[in-house]
Amino acid sequence: MRYHIILSIAFVLLAFTFAGCVKVIAGEEELTDKAYLHNQRIGASAKDLLRADRYTALRVEIQYMEGFEPDKASLYNLQIFLQQYLDKPDGIYLEVKQIDPAADKILNRENVLGLERSSRSVYTNGKELGLYILYTNGRYINEKIAGLAYRNTSAVLFGQMIKDHSGRIGQPDRTKLETTVLLHEVGHLLGLINKGSDMLSDHQDEDHHGHCSNKECLMYYRIGTDDRFAYLVKGKIPELDVHCQADLQAIRN
């Protein structure tokens with residue numbers, strides 16, 4: 001059954017703040033006039049997301065496939081995160097929609113791009129910036145990866161991966177894991193690390209570019225991979241460390 005939910009910044013939000021880490025896909029594809037602003041490298045829209053001088057509102061389109069509806073608490077956590085770091089005086093809105101399932105259960109970058117092209121409906125319009133997040137019914141070709149940021153306003157969560165690694169004995173609960181993956185991907189869209197948000201201090205992991213060298217940080221490269229999930233069972237959910245926060249604040253100012 002299809003439905004549409006809009007969550008505005010004025011909602012009473014649950015006081016959760018979670019974080020996480022996954023791999024980033026880079027790359028370009030043929031640009032079209034309709035979606036030109038959304039076919040750029042990861043981090044290219046960092047300033048537009050963080051500041052209000054060009055775009056004063058943000059609309060996040062979250063699409064999911066049957067059986068992989070986003071966890072409601074995770075969406076509240078996303079809204080809190082966006083409200084904390086983004087300057088959007090005219091509001092931040094989340095739109096949740098169900099779409100048809102993908103026939104392929106093992107996905108690569110081209111599969112994900114194809115799904116976005118056929119389903120995405122929210123794009124930048126006037127003073128409102130558009131963001132797209134997809135929850136699939138399958139896995140990525142690298143089975144260790146739970147989510148990916150793959151363009152400047154686009155990210156994907158692999159629903160089957162999250163489902164298989166949460167909610168059972170010895171696993172983190174779903175909200176913890178899903179929020180971890182979700183917020184880390186948004187961190188990449190905000191240009192972290194050194195992908196659109198310039199570093200004020202040297203805190204990039206030189207062996208894993210785009211990630212923080214601090215193992216306790218939201219943007220550490222292993223946080224959202226399956227060999228790190230056990231950390232979320234009892235451990236404190238990582239947040240952006242002071243260096244990542246400073247990078248974002250420098251852009252807002």
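# Briefing on a predicted protein model

At 6% relative accessibility, Asn-137 counts as buried, where buried means under 20% relative accessible area, exposed means over 50% and partly exposed lies in between, with a 1.4 Å probe and protein chains only. This is a predicted model, in which local features need pLDDT of at least 70 and side-chain atom pairs count only at pLDDT 80 or more, while totals for chains, interfaces and linings use all residues. Residues are numbered from 1 along each chain as its sequence is written, and side-chain values use heavy atoms, with hydrogens and water left out.

**Overall picture**

- Among contacts between residues at least 6 apart in sequence, 73% join residues at least 24 apart, a contact being heavy atoms within 4.5 Å.

**Confidence**

- The average pLDDT of the protein is 84, and 82% of the residues score at least 70; pLDDT is the predictor's confidence in each residue, on a scale from 0 to 100.
- Over residues 1–33, however, the pLDDT is below 50, although this stretch has 121 contacts in the model beyond near neighbours in sequence.

**The surroundings of Asn-137**

- Asn-137 sits in the loop between strand E5 (128–136) and strand E6 (139–140), and, leaving aside neighbours within four places in sequence, Asn-137 is in contact with Met-65, Phe-68, Pro-101, Ala-102, Asp-104, Lys-105 and Gln-160.
- A polar atom of the Asn-137 side chain lies 3.2 Å from the backbone oxygen of Ala-102.
- Lys-163 is 26 residues from Asn-137 in sequence, and the two are 9.7 Å apart in space, C-alpha to C-alpha.

**Strands E7 and E8**

- Strand E7 (residues 147–151) is largely enclosed by the rest of the structure, because 5 of its 5 residues are buried.
- E7 pairs with strand E8 (residues 154–158) in the antiparallel sense over 4 bridges, pairing being assigned if DSSP finds at least two bridges between two strands, and a hairpin joins E7 to E8 through 2 residues.
- Ala-155, which lies in strand E8, is the bridge partner of Ala-149, and Ala-155 is buried at 3% relative accessibility.
- Apart from neighbours within four places in sequence, Ala-155 is in contact with Tyr-132, Ile-133, Leu-134, Leu-148, Ala-149, Tyr-150, Glu-185 and Leu-189.

**Nonpolar core and a buried arginine**

- In soluble globular proteins, nonpolar side chains tend to be buried together.
- The largest nonpolar core here has 61 residues, and those with the most contacts inside it are Leu-58, Ile-62, Leu-78, Leu-82, Ile-133, Met-219 and Leu-240; a nonpolar core is a set of buried Ala, Val, Leu, Ile, Met, Phe, Trp, Tyr and Cys residues joined through side-chain atoms within 4.5 Å.
- When residues up to four places away in sequence are not counted, the residues touched by Ile-62 include Pro-70, Leu-75, Leu-78, Leu-94, Ile-133 and Tyr-135.
- Arg-59 lies in strand E2 (residues 57–65) and is buried, with a relative accessible area of 16%.
- The side chains of Arg-59 and Glu-128 are joined by a polar contact of 2.9 Å, meaning a pair of N or O atoms within 3.5 Å, of which, within protein, one must be able to donate a hydrogen and the other to accept it, while residues adjacent in sequence count only if both atoms are side-chain atoms.

**Backbone features and an exposed lysine**

- Most residues other than glycine have a negative phi, and most peptide bonds are trans.
- A cis peptide bond, with omega about -5°, joins Leu-192 and Ile-193, and Ile-193 lies in the loop between helix H5 (174–189) and helix H6 (231–234).
- Asn-194, also found in the loop between H5 and H6, has a positive phi near 60° and is partly exposed, with a relative accessible area of 34%.
- Lys-236, in the loop between H6 and helix H7 (242–252), is exposed, with a relative accessible area of 59%.
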